[in-house]
Structure formats: structure tokens, C-alpha cells
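Here is a short briefing for a first look at this model. Start with the surface, then turn to the strands.

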Amino acid sequence: MSGSGTGTGQVVVIGAGIAGLAAAHRLLQRGARVTVLEASERTGGKLLAGEIAGVRVDLGAESMLARRPEAVALAREVGLADRLQPPATAAASIWTRGALRPMPKGHVMGVPGTAAALSGLLSDEGVARIERDADLPRTEIGDDVAVGEYVAARVGREVVDRLVEPLLGGVYAGDAYRISMRSAVPQLYRAALTHTSLTEAVREIQARAAADPQTGPVFLGIAGGVGTLPQAVAGSVTALGGEILTGHPATQLRREAGGWRVTAGDRVLHADAVVVAVPAAAAADLLAAESPAAAAELRTVEYASMALVTLAYRRADVSLPAGSGFLVPPVDGHTVKASTFASQKWGWLAEAAPDVVVVRTSVGRHHETEILQHDDAHLVDVSRRDLQAATGLDATPLQARVTRWTDGLPQYPVGHHARVARIREHVAKLPGLVVCGAQYDGVGIPACIASAHAAVDQLDGDLGGVQRLTADPVQSLHGGAGE
């Protein structure tokens with residue numbers, strides 16, 4: 001779009017979740033003029049820092065995958081390097097078959113490399129079923145397959161129901177028997193294409209990981225909460241000259257001579273390019289006029305809703321099991337699907353509030369909406385009952401907070417990768433328009449940031465009117481972040 005549109009490299013980013021902010025940040029580093037439109041009154045999307053009993057906590061996502069570089073790199077760029085922290089303990093449990101059982105080592109998203117790895121977690125019959133994997137004929141997976149379907153065929157349903165399901169549920173709040181292996185666990189999908197035995201494939205994945213000299217913590221948090229990341233990115237965006245308008249939902253997106261017109265309330269913005277970084281339904285509404293085919297595909301994306309219950313206790317009243325918390329298989333019939341002993345998991349939290357213990361539970365899975373119809377008091381009560389049954393914790397909390405994430409997690413069913421390819425094929429017909437966010441290439445923080453960066457890279461060459469910053473953008477960014 002060289003020499004067209006506003007001719008000044010003006011880009012409008014729609015959505016100020018972590019994907020939209022990351023896109024704006026990168027665009028500004030490359031010299032674009034950026035306006036970010038956010039429908040709500042705050043930035044950050046599903047990343048939310050809050051407070052309970054006077055303690056700073058996360059009320060959304062609390063950690064980020066560190067084995068991917070994007071989130072850690074962005075945190076460092078915006079001045080949070082000295083606040084990155086690994087969990088104080090990586091030991092976790094599975095609450096299943098009436099007891100808290102140690103999370104087994106030596107697995108990939110719940111799939112073991114050996115039967116012995118799940119001894120004690122599964123029944124003797126379940127362990128024996130894993131051993132049959134090496135003798136089974138090849139299981140064809142085609143272009144895609146559900147994680148649960150494939151894993152059950154190789155090593156038995158008990159592995160799926162007791163381990164794969166709760167691990168995947170913690171990421172997608174979905175159903176392992178519907179979730180795409182190609183999209184949700186791509187390393188397993190790639191390995192399954194070249195191996196007959198699933199356990200052998202897992203052992204190869206583990207061996208490669210062990211040989212990686214860059215191997216470090218699997219996850220990292222941020223002192224003060226991961227919810228401070230979007231705040232820091234937003235601060236850098238404005239320091240670099242970007243404009244962030246909260247409370248300004250984009251209501252119309254139309255092509256015009258050489259560019260785009262974006263309507264947001266009483267504001268009309270003209271841009272050379274637009275980055276659409278909002279959930280699927282909102283993106284569909286915006287694209288309906290210019291790309292009805294892309295909008296139709298986006299409307300097929302389903303979402304799961306969930307709620308986080310955060311509880312604060314007097315430390316003198318609490319004695320929790322060791323470790324960072326536990327996951328709960330749906331097959332066991334409990335309400336909570338997971339619990340995090342936040343004050344044991346994060347050293348910064350324990351140091352900031354030595355007399356308070358913070359515990360989180362999560363409730364709600366895809367198509368499991370009945371529990372979320374109840375009021376906050378009910379969600380707190382059922383969380384406390386399950387915590388008592390699992391850990392013996394029966395103290396009265398100092399304070400409880402319920403944070404509801406309605407339609408918070410996009411679902412990745414079998415064929416998700418093909419749907420995303422079709423969406424992008426349709427959007428590619430519209431010069432100067434790109435999409436990014438959790439509904440495309442991954443729901444985790446690094447995946448959302450990578451999606452944003454890929455979208456910006458697509459715009460390179462379309463912004464011929466951009467005047468590069470005369471100052472070094474990295475220097476400008478670090479100075480703006482207060483480093």
C-alpha cells in the first residue's frame with residue numbers, strides 16, 4: 001500500500017489485550033504512527049492484576065510459558081527483567097481417586113514416556129494398558145485428530161481421563177476428546193506422524209528437551225503479577241508516541257481510497273493499515289462488510305467460560321500440602337477443576353504478604369455452564385468445600401473474590417488449523433488488514449504475542465509511507481520503560 005492511505009504510516013490497532021498491545025508496541029518500534037482502540041475501560045484483556053486482603057495478586061493468568069521466547073523477551077523490553085521469577089516450587093498434584101497424588105514426571109501434556117511414570121496415579125489395569133502401546137499397530141491420524149481420541153487408542157482412556165484431560169483443561173477449559181492435537185499439542189502431532197509407538201515418541205521429545213542447552217524453567221511469573229505485563233507494555237506504547245483510547249469500541253471497519261476508515265463512537269480514524277486483535281465474535285462483526293467469508297469462519301469459533309475464585313487466609317490458620325497446587329480430572333465429579341496455592345508457588349507473593357496465604361481455584365469448562373449461573377457466594381462456597389475435601393483446609397477466609405471470564409478461552413477442535421488458514425486466506429485479500437489473537441495460533445501469552453508479531457510482519461511492505469524514527473527504537477523503548 002505504498003504511497004496510499006494517509007501516507008504517514010498510520011495504523012489502527014483494534015483491541016488492547018496482550019496481542020493488540022504487542023502489535024502496537026512492535027509497530028511503534030518500526031516507526032509507525034499507532035492508535036489503539038479498546039472497547040472496555042482498561043487494557044490487558046485476560047491479564048488482570050488486582051488485590052485481595054491488601055495483597056497484589058493476579059485475577060487472570062498468573063504465569064507464562066518460558067520455553068517460548070516471546071513473552072519473556074517482551075517483558076524484558078518493557079522494563080520487567082528484574083521482576084521475572086520462576087515458581088518457588090514446581091511440584092504439583094492430581095486430586096483423583098480420593099487423594100492428592102503427585103503429578104508424575106516424564107510426560108508430555110499428560111502422555112507418559114513409560115508406564116512406570118504413571119504408577120500410583122492410575123489403576124494397575126491403567127498402567128498395564130500403557131505397556132501395550134509398543135505392540136499395537138500404527139494409528140493413522142490423517143490431517144488432524146482429537147488429542148483424547150489418539151492418546152486413548154494408544155495408551156488407554158485412563159491416561160486421558162486422569163491426566164491429559166485435567167492438563168488440557170487448565171489451558172483450554174475444553175474437552176480432550178474434541179481438542180485438536182495438531183493445534184493444541186503440535187509436538188505430539190509431529191511425533192505421531194513419524195512414530196508408531198506413542199510412548200517412544202514421547203521419550204524422543206523428552207530427550208531433545210534434555211539436550212537443549214537453553215533449557216530453563218518451564219514457566220515464569222512476574223513479581224507483582226503477570227497482570228502488570230500489559231500495563232508495562234501500554235506504558236511503553238504511550239512513551240513511544242502511541243495513543244491508547246479505552247472505552248472506544250470499534251463499530252465499523254471499511255475500505256476507502258488507498259486505506260481504511262475505522263469508526264469508534266463519535267471518532268472516525270483513517271489509516272493505512274488495521275490490526276484486528278479482538279475475540280472471534282467481535283472480529284466477525286468488524287469484518288462482515290469487507291470479508292463476509294472470513295466473518296462466517298470466525299463465527300464458528302466456540303469459547304469456554306470460567307471463573308477464578310481467589311481466597312485470602314491468615315497464615316496462622318492455614319496448613320496446606322506441599323507444592324504449588326493440584327489439578328482435578330472431570331471424571332472424578334468435583335466442581336473445581338484446579339487450585340493454585342499461590343503463596344507457595346510464587347516467592348514474590350510470600351515475601352510481599354508473609355502473614356497472608358492466597359489460594360486460587362478455577363471452575364467452569366466448555367459446555368459446563370450451569371455452575372457459572374450461580375452467584376459469587378455459591379462459587380466461593382463450593383470452592384471451599386472442594387478445598388476442604390482435597391486438603392483439609394477449613395479456615396474462614398479473610399476475603400474472597402470471584403473473577404468471571406465469560407467466553408474467555410477459544411476452543412481448538414479438530415480441524416482448527418484449517419479454519420485458521422481459511423480465515424487468513426480471506427483476510428489476505430484485503431491489503432493493509434491483518435488479524436491476531438488467541439483464537440488463531442495458541443491461547444498462551446507467548447502465542448498471543450507471536451501472533452501479534454507475525455501480523456505486524458505481514459504489514460511490512462504495505463506501509464511505504466512510514467517515516468522511520470530517527471532515534472534508535474530500542475533506546476527509546478528502554479528509556480520510556482524507566483530502565
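Leu65, Val218 and Phe219 make up a nonpolar surface patch, together holding about 220 Å² of accessible area. The model is predicted: local features need pLDDT of at least 70, side-chain atom pairs count only at pLDDT 80 or more, and totals for chains, interfaces and linings use all residues. Residues are numbered from 1 along each chain as its sequence is written, and side-chain values use heavy atoms, with hydrogens and water left out.

**Surface patch**
- Patch residues have over 30% relative accessible area and no salt bridge, and nonpolar side chains are joined within 5 Å.
- A salt bridge is a side-chain nitrogen of Lys or Arg within 4 Å of a carboxyl oxygen of Asp or Glu.
- Areas come from the Shrake-Rupley method with a 1.4 Å probe.
- Val218 sits in the loop between α8 (198-211) and β11 (219-222).
- Val218 counts as partly exposed because its relative accessibility is 35% (buried is under 20%, exposed over 50%).

**Three-stranded sheet**
- An open, antiparallel sheet has the strand order β13-β14-β15.
- Strands are DSSP runs (E, at least two residues), and helices are H or I runs of at least four; two strands pair if DSSP finds at least two bridges between them.
- β13 (252-256) and β15 (267-271) are the edge strands with a single partner each, so one side of each has no neighbour in the sheet.
- β14 (residues 259-264) is joined to β15 by five bridges.
- Thr263 stands opposite Val268 in β15.

**Hairpin**
- β7 and β8 form a hairpin with two residues between them.
- Four bridges join β7 (residues 93-96) to the antiparallel β8 (residues 99-102).
- Ile94 faces Arg101 in β8.
- Arg97, in the turn, has a positive phi of about 50°.

Technical notes:
Patch = residues over 30% accessible without salt bridge, like charges linked within 9 Å, V, L, I, M, F, W, Y side chains within 5 Å. Buried < 20%, exposed > 50% of the residue type's maximum accessible area, 1.4 Å probe, protein only.
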